[in-house]
Amino acid sequence: MKSREFAIVGYGRFGRVFASILSRYGNVSVYDIHPFTPEKNIQQVSLEEALQKEVIFLCIPISSIPAFLHENREKINPSSTIIDTGSVKTYPIRWMDEMIPHIPHLGIHPLFGPDSYAENRVNLIILTPSNQHPQLAETWRDTFQEWHFFTRILSPDEHDKHIAESQGLTHFIGNILLTLNLPESKTPTKGYGMLRAVEAFCSNDTPQLFRDMLMYNEHSSEMFRSFMKATHTVASLIRKESFNIQKEKIRVGAMGDEGSFSHEAALQYIRDRQLVNGEVLCLTSAENVLEHLELGRIDIGLLPIQNAVGGVVQETLTHLAGTRCKISGHFPFLVKQCLLSRLDFEGKPVSIHSHLQALRQCKSYLNTHYPDVPQIEERDTAAAAAMLSRGDLPRNAFVIAPETCVKLHHLKLVRSGIQDLDYNITDFISVIMDD
């Protein structure tokens, strides 16, 4: 039987182990910018030569795939098959569908790596079909099974959802443990050993692999949000606040209108601390929050202090200086910005209104999709939504506000999640009176 001709683009840690596997079933030509010593059935070739082989496996970083396809799509042999091997599938499949629709292509995710692959072990490969060439998934499923791999066919989105909940979460926690730099323990419990095992599992992966795995998976933000919520729920069990939780009512003042992110953050604050007697007062501005605190009208003030994209919230810093209040704690809140319109409007907006921080957080999106539309600052995101609903803004305007404002103010959701950074964290501080 004629030996198959494989090519691998990218000879990193995974590329090496995958080349070794493929070399049992054919000749492997490898393109990599770094020279290496050839092995049996594995040789280094130019990129032009690699792109003429029967099957071409892309073992390059996910973030490098768009540029690679754009630069080389005219050089690929039209009868070749392109197979991406990354750990995220929706974007690579979409890129291949758009840039090389005429060339057979497929996505696979081998659920093993240099540290976990071994013969005679359960080595699973997930296959994700493309829109143009769906039949390739079944063809390659049969091939991998002949090679003694276990296989499963999933849609790209289904794969990414499940992998965010498993591999994504594992690597997220593993990188936290690496950052903690855990010491060798003189009381090595079984649980601690398991933590060290997760840490070791992620220690050989590059920061780029970790970033790509999360940044290019559309389901990672939900995993991250759930992780952060769980973290603060557990932390609330041991956190102490310097006020009397036995009061009949604990009044929490939020810097925002009803439906704003500050309102949502205040509700989360009450839930996380299990303040069953807590209530939120929406006080719109930092000045109002601090004034109510000094007058004893609220027990705690919640103020946004910094956003990952928008930077420091100057309003908070300005009004906090010189007060008799003190910071009692802080917590992060994941912000998801949404573009809203009136129910009776369709088309391009005449203007886009929101709080300055929200406009900053969506700068790239707005410049890309609405480059000529004026951006107008309002005092609050939820206030802007209320103004649009009441008719205080032009009926053909858009606002940026939380999704809760859709029902609250009877508006239409134009686009969800328009913030430039998927992990759009705003840090809030809790403020109390200084005794």
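**Exercise 1. The largest cavity**

Find the volume of the largest cavity in this predicted model, and work out which residues and elements line the cavity.

*Solution.* 
- Step 1: Start with the volume, which is about 250 Å³ for the largest cavity.
- Step 2: Go on to the residues. The lining of the largest cavity holds 20 of them, and Phe261, Ser262, Pro304, His355 and Gln357 are the closest to its centre.
- Step 3: Two or more residues of the largest cavity's lining come from each of α10 (261-272), β11 (300-307), α13 (356-361) and β19 (425-433).
- Step 4: Pick out the main contributor. With three residues, α13 gives the largest share of this lining.
- Step 5: Sort the lining of the largest cavity by class: eleven residues are polar, seven nonpolar and two charged.
- Step 6: Finish with the cavity count. Two cavities reach 30 Å³ or more.

**Exercise 2. The largest pocket**

Now turn to the open space: determine how much of it lies in the largest pocket, and which element gives the largest share of the lining.

*Solution.* 
- Step 1: Read off the volume. The largest pocket takes in about 1100 Å³ of space.
- Step 2: Look towards the centre. Among the 41 lining residues of the largest pocket, Arg13, Phe14, Gly15, Asp205 and Leu209 are the closest to its centre.
- Step 3: List the elements. α1 (13-22), β6 (105-110), α6 (156-180) and α8 (207-215) each give two or more residues to the lining of the largest pocket.
- Step 4: The largest share belongs to α6, with five residues.
- Step 5: The lining of the largest pocket has 19 nonpolar residues, 17 polar and five charged.

**Exercise 3. The second largest pocket**

Describe the second largest pocket in the same way: its volume, its lining residues and the classes they fall into.

*Solution.* 
- Step 1: Begin with the space, about 560 Å³ in the second largest pocket.
- Step 2: Assign the elements. Two or more lining residues of the second largest pocket come from each of α9 (220-236), α14 (363-369) and β18 (411-416).
- Step 3: Name the main contributor. The largest share, four residues, is supplied by α14.
- Step 4: Close with the classes. The lining of the second largest pocket splits into eight polar, eight nonpolar and six charged residues.

Technical notes:
Residues are numbered from 1 along each chain as its sequence is written. This is a predicted model: local features need pLDDT of at least 70, side-chain atom pairs count only at pLDDT 80 or more; totals for chains, interfaces and linings use all residues. Side-chain values use heavy atoms; hydrogens and water are left out. On a 1 Å grid over the protein atoms alone, a cavity is a set of points where a 1.4 Å probe fits but cannot get out, and a pocket is an open set with protein on both sides within 12 Å along at least five of seven lines; lining residues have an atom within 4 Å of a point. Grid points are joined across faces, edges and corners, and a volume is the space filled by probe spheres set on the points. Ala, Val, Leu, Ile, Met, Phe, Trp, Tyr, Cys and Pro count as nonpolar, Asp, Glu, Lys and Arg as charged, and the others, Gly among them, as polar.
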